[in-house]
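I opened this notebook to record what I looked up in one structure.

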Amino acid sequence: MYATEVLSKFSATLPMAASIRSPVVNLVVIRQATCQNIHTICRCNSVDANSVSVSVSVSVEGDVFSVTSSSKSDFDYLGESTKGDLNLKLEHLQAFGIDGHETLEGPIEEVARVEAKEAEDLLRDLGIPSPSSSRHSPRGIFCSRTLNLRSISAIGYDMDYTLMHYNVMAWEGRAYDYCMENLKNMGYPVDGLAFDPDLVIRGLVIDKQRGNLVKADRFGYVKRAMHGTKMLSTRAVSEMYGRELVDLRKESQWEFLNTLFSVSEAVAYMQMVDRLDDGAIDAELGPLDYKGLYKAVGRALFRAHVEGQLKSEIMSKPELFVEPDPDLPLALLDQKEAGKKLLLITNSDYHYTDKMMQHSFNRFLPNDMGWRDLFDIVIVSARKPEFFQMSHPMYEVVTGEGLMRPCFKARTGGVYSGGSAQMVENSLNFHGDEILYVGDHIYTDVSQSKVHLRWRTALICRELEEEYSALIGSQNHRASLIELINQKEVVGDLFNQLRLALQRRTKGRPAQTLAATSMVDQELTESIKKLLIVMQRLDQKIAPMLEADGELFNKRWGFLSRAGLWDKSHLMRQIEKYADIYTSRVSNFLHYTPFMYFRSQEQTLAHDSYSQHNSQLNGNIVDN
């Protein structure tokens with residue numbers, strides 16, 4: 001069709017193309033003949049007959065394409081900037097005798113289907129995976145708020161659990177070991193305790209006043225709770241939290257497990273709550289309540305980090321702690337070659353950052369590139385979240401040993417310590433939604449960069465891959481459970497009408513209808529008895545199935561993103577509120593290209609099911 005015709009016109013101008021007939025081969029020849037002038041590969045986004053919005057030209061046989069500049073950009077119908085869109089210059093096509101509008105005549109829906117099919121065939125012939133294959137997989141990138149990646153000028157990355165993923169059992173296990181060793185030196189009884197990563201999941205909340213760990217729904221209602229290492233019954237949860245909501249603003253009581261770094265601390269604390277309840281903690285340590293115990297555990301873990309014990313061990317044997325991802329450096333390389341400014345903004349110090357990035361990146365980069373070659377600006381010891389909230393002095397790292405000198409502005413290729421996000425914006429001359437920041441910490445990385453600077457945000461949550469698989473594995477279980485609940489609802493509605501009829505008759509009032517009023521008492525009572533027994537039996541089957549829902553992900557807490565069968569978890573609410581997109585790992589960008597337009601999906605409302613039901617009824621009426 002249109003693409004084939006364009007290629008055939010172009011191929012006539014190429015010396016090698018006379019004997020080549022396949023449009024797929026023609027495309028390869030064109031690419032070979034012009035690759036020295038092409039720096040990005042992307043599809044057309046719009047047609048620009050006069051090229052009035054052009055600031056950068058991509059040379060393909062006479063400047064056929066142009067890229068929309070920031071100064072000439074507009075906003076599309078979804079409110080996203082058109083900056084970075086690729087435009088087609090029709091005057092250059094006309095020079096080859098092609099009229100784009102005539103070629104694309106006909107209903108645009110049909111034209112789009114045909115062209116999409118041809119493009120899919122072309123990708124298949126080239127051995128390039130279909131874009132849709134990534135969207136419907138555990139490695140997908142999921143969109144909460146529409147994001148045009150083409151309009152992003154700079155992408156900043158956190159390092160720990162973002163650009164590199166640690167083996168949780170190894171990293172958090174060693175953090176736990178150092179924490180318990182420090183607690184033992186402080187006089188706490190820790191013998192017999194071992195690291196259990198299944199005890200907690202990301203997104204839970206510690207109640208420091210009660211020594212509990214809770215899972216809340218999107219509204220803050222507690223759905224599950226554990227005291228020490230013992231799960232509480234539904235009744236106990238209701239009695240304890242029936243009148244109280246989780247409010248993360250009350251930092252004196254609630255501690256949100258934002259990241260996988262929280263796992264070791266939470267496991268240690270919940271185990272020590274058991275020791276406190278058992279009276280095993282020596283009175284000489286002073287009168288301790290649950291809040292004081294939490295502070296003691298926090299001090300022990302903080303000491304392990306400050307003294308550098310843990311990081312020194314990791315730096316000496318990174319292969320034991322880091323799970324390599326060969327695709328990740330290549331994903332960043334695509335973004336850099338697409339014109340994005342790449343930033344590394346981490347709280348880790350220079351020596352640790354350099355060592356770990358060399359181990360994770362250098363061996364996977366082409367042409368003897370090093371990790372530093374990927375990033376325009378590197379900032380270590382950033383002190384997030386304060387980095388996004390206020391200004392701190394900035395120092396330039398000027399030697400490989402980490403020698404620093406004060407500076408006031410970052411330059412391309414530099415490594416800096418401290419500073420602030422505003423300094424980065426001023427140095428790059430990019431601001432607000434021109435910058436995308438990617439991190440694993442809901443508060444430190446995602447929330448604060450959005451709240452204070454209006455940066456676009458992406459959350460990395462590795463557990464999504466396991467949850468995705470668990471949800472797939474639970475489909476039959478959940479379908480059976482939903483069917484039972486729907487049956488209970490139908491029976492319950494019928495039961496309630498009969499109960500109301502009985503109530504009205506008992507009070508000497510007429511029932512809903514004359515027939516119901518005249519019904520024999522024994523017959524009405526028997527019908528109610530039967531339905532009541534049915535509901536009780538349904539409940540007996542539903543209750544254990546509901547308790548088991550999500551156990552493929554975690555037997556205690558269920559799914560990461562859900563609280564109960566129907567609702568979202570508190571973590572999922574935080575993700576939707578602060579993260580424009582979220583995914584399991586940075587390398588997933590490799591399958592989406594730097595030009596992806598992420599569009600948020602329809603958000604269902606409670607009354608949507610009723611409107612759909614009415615639509616189906618109306619459709620049946622029309623059919624009949």
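**Helix packing**

I looked up α11 and α13 and found them roughly parallel to each other, a label for angles under 35 degrees, whereas over 145 is roughly antiparallel, 65 to 115 roughly perpendicular and the rest oblique. The model is predicted, so I noted its limits: local features need pLDDT of at least 70 and side-chain atom pairs pLDDT 80 or more, while totals for chains, interfaces and linings use all residues. Residues are numbered from 1 along each chain as its sequence is written, and side-chain values use heavy atoms, with hydrogens and water left out.

The axes of helix α11 (residues 309-316) and helix α13 (residues 350-361) come within 10 Å and cross at roughly 30 degrees. I took axes as lines fitted to C-alpha atoms, for helices over the stretch in contact, with angles from 0 to 180 degrees between N-to-C directions. Helices (H or I, at least four residues) and strands (E, at least two) are DSSP runs, numbered from the N terminus. The crossing of α11 and α13 is left-handed, that is, the near helix is turned anticlockwise from the far one by less than a right angle (clockwise would be right-handed).

I then listed the residues that meet: K311, I314 and M315 from α11, and H351, Y352, K355 and M356 from α13. Contact means heavy atoms within 4.5 Å. K311 also lies over the face of Y352, at 4.6 Å from the ring centre. Such a charge has NZ of Lys or CZ of Arg within 6 Å of the ring centre and within 35 degrees of the ring normal. I recorded R174 over the face of Y178 as well, at 4.8 Å from the ring centre.

**Aromatic pairs**

I found 15 aromatic pairs in the structure. The rings of Y166 and W171 have centres 5.3 Å apart and planes at 50 degrees, so the pair is tilted. Rings of Phe, Tyr and Trp (its six-membered ring) pair with centres within 6.5 Å; planes under 30 degrees apart are stacked, over 60 edge-to-face, the rest tilted. Y166 is buried at 0% relative accessible area, and W171 is buried at 2% (buried is under 20%, exposed over 50%, partly exposed in between; 1.4 Å probe, protein chains only). Ring pairs link Y161, Y166, W171 and F261 into a cluster.

**A buried lysine**

I located K384 in the loop between β16 (377-380) and α14 (386-389). K384 counts as buried, at 8% relative accessibility. Beyond its neighbours within four places in sequence, its contacts include D158, Y437 and D445.
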